[in-house]
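Welcome! Please take a moment to look at the protein chain shown here before reading on.

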Amino acid sequence: MKKPYILLMVFFLLIGHLMAQDIPVSGKVTSATDKQPIPGVTVVIKGTSKGTVTDINGNYTVEAPSTGVLVFSFVGMQKQEIAVNGRKQINLELTEEKIDLGEVVVMGYNTSSKKLISGSFGLVKEDEIKTIPLRTLDGVLQGKAAGMTVMQNSGTPGGQNSIKIRGGSSINASNQPLIIIDGVPAITGSYGQIGYSGQEIDALSDINPNDIDQVTILKDASATAIYGARASNGVILITTKKGNQQKTSVNVNASYGWQTLPAERLPELMNAAQWNEYKGTNVQGIDTDWMKEILQVAPTSNTELSLSSGNEKTRLFISGNYYNQEGTVKGTSYDRYSGRLNVDHKILQNLTIGANVSLNYSKNQRVEGDQTLFGPLPNALSIPAIYPVYNEDGSYNELGPYANPVAIYKETNNVAFTNRTNGNVFLEYKFLDGFSFTTKWGADIYNLREHGYDPVTTRQGAKYNGLCIEGTSYVSNLVSNNVLQYITTIAEKHNIEAMAGYSFEKYASRYTYIEAIDFPNEKFEYITSAGVIRAASSSTLDRGLNSYFGQFKYNYLYKYIVTLTARADGSSKFGKNNQYGYFPSASVAWRVTEEPFMKQFSSVNELKIRASVGLTGNDDIPDFASLGLYGGGFNYGGVSGIAPTQLPNPDLKWETTRQTGLGLDVAVLNSRISLNVDLYFNQTRDLLLYRPLPPTTGYTGIYANIGNLENKGIEVVLNTENIKGEFTWNTSFNFAANRNKITKLYEGQPIPDQGRGSNWVKEGEPIGIFVGYNCLGVDPTTGDLVYEDINNDGSITADDLTKTGDPNPDFTTGMTNTFSYKGFDFSVFLQAVYGNDVFNGTRIYLESGTGEDNQTTTMLRRWRQPGDITDVPRAGDGVISSRFIENGSFLRIKNISLGYNFPKSVVKYAGMKSARFYLSVQNLYTFTTYSGMDPEVNYYGNSNIIQGTDFFTYPQSRTVMIGLNIGF
């Protein structure tokens, strides 16, 4: 009876054994996101150490029990267990593991997850800049990142702004950051040849902010050293928008606004009656308000149309824009037309090509501004009210002390036209296991034509029977970047990125200038009609930059992070003994929150400590300063001749900045509160200065590396989600304090008396301090100004000059509060600058007590007789003193915006995806004790030394704007 049971048992054991036999299992592992094969996936039989890994095509083969389970694992992907169930073919898609490493940020020649970055950077996203009415790049970045100071030198439409990151690192070389647009260094600065002092044309004004997807501000050596010789002043990376995969969207943005000069900021000038009493004259029946004659409520408008589309292989973004800004000073305006095409196409699964191209055209109508006798604004401030605009015969009255400002803005024609093309083409090829090669070829081509004409109907033109100036400027920068990158993970713990690259740039500029006088009448304004060519010149320049760079990134379990960077730059600017400069950097970071002991602190989402050190350079000095040069024009006896004009210095080299930094990143309460703190200490050596030479040499001086300076400071960024839910309230706050000091100059000699405010460069002091006489007040006996006798020798001499102020601020801040409730949103952006001084040069003339300039009503309380106690003298003496130094600190309501998003049910009925209406006000109000029209000015543009000086400078406007954004 037992035999059948024994036979049955043997049968089942035999079947189980047969079923448990190993069978060959093969298949392919791909990504669920992009369907690409995944090489290096570990395939292990569960419960054993037996297994394999996928090859370059994602394929694997393994001997596994027919009843076994295969475990598939790969770093960054979710682990999966699959039962074999006798199958010999098992294909699998792996999905990404939800590891929160933050958003992807463009950093140099590649991208990185925000939480894995060990350097210091700032990030400005599209949402932060799209509501700002001022549609120029530097205008929308103002106050948006800690450590980046953007100052509007004037309110001129399309005018030049000053951008600094962590203070100034140079005296004579540029202090402006390197700006990269989609991998191509952008042409920046002013290339105009018709001088307008602080109101120069800015090449950055041609960039349309609506095309920007993200702006990354690289601040420390770890982040910037990849750009080597041009990175001492920081780097701004601009990434433009790309097309959307799997959907098409069309967006229309239109806005219209009105600009005015804030009435509360305009100076109180004497009217005709007050002038008559002041001067003892008796001109009746005339009381011209010259400021009213030249100011206007100025319209501004912006219209943008963009299309974004794509599929699995191709992405496309197209945009067009027209921006118009009339000036509040009549006769000024800025018009810009721009278009962009960004496209990329995946030819093969591992081969992508693409192009990013923008075309821009602008027209800038200008009038002369500060630092001139022929500007509408300074002349309207300076001409007394007793002079009429027109004579009885309708001609312009030119009897005043300065040219008639109405005649200037109506009759002169000063216009600048720019045509600009910025673009690149690129190819990306992925090969082997984790390798990729990218080559990008780009160009930025900038053409500027200037035309200025003063007809005989103006005072300036009458002197020359008509005056015309024509200038053309051509500037180009051709770039090639070639980058090889390798990314891999070892044992699911060690994450490695290695990059090596080569780039070269070819810069070229061409200038022509011609000046002519003596025209038949005011209707003829071009050179061809001139009787006399008074001046003509042309020049050309070519230079090159040759670079090698590399970077190595390593992190262990996303916890311990190391970044090593190096770059070698060779430039035609420097001496043959130092043509190459070498710029290494290193940084480390520790993500403490990844440690096991931090798991108990569940409210802490991120805690990262950073440290960095490295070298960066500055090569922005005059070209060929290292060479011995000859110049023409040294003619003799009717024969042309040449002569040496510059001594050679073959040892001339880069300015080098050693940057050291510490940082802390914290996020708590589900990242509702995040804090970033950075400390830095930057030391610049080998400053490029013009060293004076004895007159016996026949030369005034020679460029040499002879100075040092330092910058140190702190930066804080705090972001909070204060309230979540149907009603939301978010706050973004940034704070930065920088201390700048000159530590060495040639033989300790200062660079004295620069500009109208007498800015100096002295050892032991910040760049550009104000030096003058310390004014103690007004002598009640004589009504004269009294100055401090510093050396107590009984007389006021140059030995009594002293530091009277500092144009460098103690700190800068920016804060944005954003609220939303149902379809409504409201934001307030505050900007503050504290601790800086401004030299109010306008007061030297408008509170002089002498001459024929109109005066402010301050002069009504001037000293008149012995015993009068006042701070206003009977007459000024024009001495540069502390009398004209004022506190330039301010708190500005930079922007407020109220918007309403229409319900989706409404917009869908109208055939739209979205619609938003908004009201925005720029420069609503400025809280300041400064007596001038605007504390945020500098008449001398982007000078490193001449800073913080107001001299009849065009102030910023208050702008009220309404707009509509529609999406289809």
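Here is a short briefing on the whole chain, its aromatic rings and a few individual residues.

This is a predicted model, in which local features need pLDDT of at least 70 and side-chain atom pairs count only at pLDDT 80 or more, while totals for chains, interfaces and linings use all residues. Residues are numbered from 1 along each chain as its sequence is written, and side-chain values use heavy atoms, leaving out hydrogens and water.

**The chain as a whole**

- The secondary structure comes to eleven helices and 49 strands; these are DSSP runs numbered from the N terminus, with helices being H or I of at least four residues and strands E of at least two.
- The radius of gyration is 34 Å, close to the 30 Å that the globule rule gives for 968 residues, so the chain is as compact as a globular protein of that length. This radius is taken over C-alpha atoms, and the globule rule is 2.2 Å times the number of residues to the power 0.38.
- Along the principal axes, the C-alpha atoms fill a box of roughly 145 × 75 × 60 Å.
- Of the 968 residues, 52% are buried (buried means under 20% relative accessible area, exposed over 50%, and partly exposed in between, with a 1.4 Å probe and protein chains only).
- Among contacts between residues at least 6 apart in sequence, 69% join residues at least 24 apart (contact means heavy atoms within 4.5 Å).

**Aromatic rings**

- A search of the whole structure finds 37 aromatic pairs. Rings of Phe, Tyr and Trp (its six-membered ring) pair if their centres lie within 6.5 Å; planes under 30 degrees apart count as stacked, over 60 as edge-to-face and the rest as tilted.
- Y323 and Y334 make an edge-to-face pair, because their ring centres are 6.3 Å apart and their planes stand at 65°.
- Y323 belongs to strand β19 (residues 314-326) and Y334 to strand β20 (residues 333-348), so this pair ties together parts that are eleven residues apart in sequence. Both Y323 and Y334 are buried.
- F431 and F435 form a stacked pair, with 5.5 Å from centre to centre and 20° between the planes. F431 is partly exposed at 23% relative accessible area, and F435 is partly exposed at 27%.
- Y845, Y939, Y940, F951 and F952 are linked into a cluster by ring pairs.

**Charges over rings**

- R756 lies over the face of F951, at 3.9 Å from the ring centre. For a charge to sit over a ring, NZ of Lys or CZ of Arg must be within 6 Å of the ring centre and within 35 degrees of the ring normal.
- R892 lies over the face of F890, at 5.0 Å from the ring centre.

**Residues in loops**

- D182 is not a glycine, yet it has a positive phi of about 50°. D182 is in the loop between β13 (178-181) and β14 (184-185), and is buried at 9% relative accessible area.
- S758 is not a glycine either, and has a positive phi of about 60°. S758 is in the loop between β36 (751-754) and β37 (759-761), and counts as buried at 5% relative accessibility.
- A203 sits in the loop between β14 and β15 (212-218), and is buried at 0% relative accessibility. Leaving aside neighbours within four places in sequence, A203 is in contact with I187, T188, G189, R420 and Y446.
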